[in-house]
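Please look at the sequence and the structure before reading the points below.

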Amino acid sequence: MRILQCWLTMFKVGDLVRYESSEEKGVYRLGHVTDVMPEVNEGWDMYEVICSDPYERGWFMDVELKVINESR
């Protein structure tokens, strides 16, 4: 289980990610990972993502995010 988790959690601060809007189901937005909270949800990391247009901010599990462009 721990090996699978390490493989899935490959996001870092600055990554551009796609996620489903919390306000409009079926609408996907792009945002940047701004913070990482390790192992808070039953051992899964949580990622804070901020979108600027329209402004939206939220915490997501890794399975809710898809990397569009990695930060260097």
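V33 has a relative accessibility of 2%, so it counts as buried (under 20% relative accessible area; exposed is over 50% and partly exposed in between, with a 1.4 Å probe and protein chains only). The model is predicted: local features need pLDDT of at least 70, side-chain atom pairs count only at pLDDT 80 or more, and totals for chains, interfaces and linings use all residues. Residues are numbered from 1 along each chain as its sequence is written, and side-chain values use heavy atoms, with hydrogens and water left out.

**Around V33**
- V33 belongs to strand 2 (residues 28-41); strands (E, at least two residues) are DSSP runs, numbered from the N terminus.
- Apart from neighbours within four places in sequence, V33 is in contact with K12, V13, G14, D15, V17, Y47, E48 and V49, where contact means heavy atoms within 4.5 Å.
- V33 and W59 are 26 residues apart along the chain, and 9.4 Å separates their C-alpha atoms.

**Strands 3 and 4**
- Strand 3 (residues 44-52) is largely enclosed by the rest of the structure, because seven of its nine residues are buried.
- Strand 3 pairs with strand 4 (residues 55-61) in the antiparallel sense, over seven bridges; two strands pair if DSSP finds at least two bridges between them.
- The two strands are joined by a hairpin through two residues.
- Y47 stands opposite F60 in strand 4, and C51 has E56 as its bridge partner there.

**Faces of strand 4**
- The covered face of strand 4 holds E56, G58 and F60, while Y55, R57, W59 and M61 are on the uncovered one.
- In a regular strand, side chains alternate between the two faces of the sheet.

Notes. Helix = DSSP H or I, 4+ residues; strand = E, 2+ residues; numbered from the N terminus.
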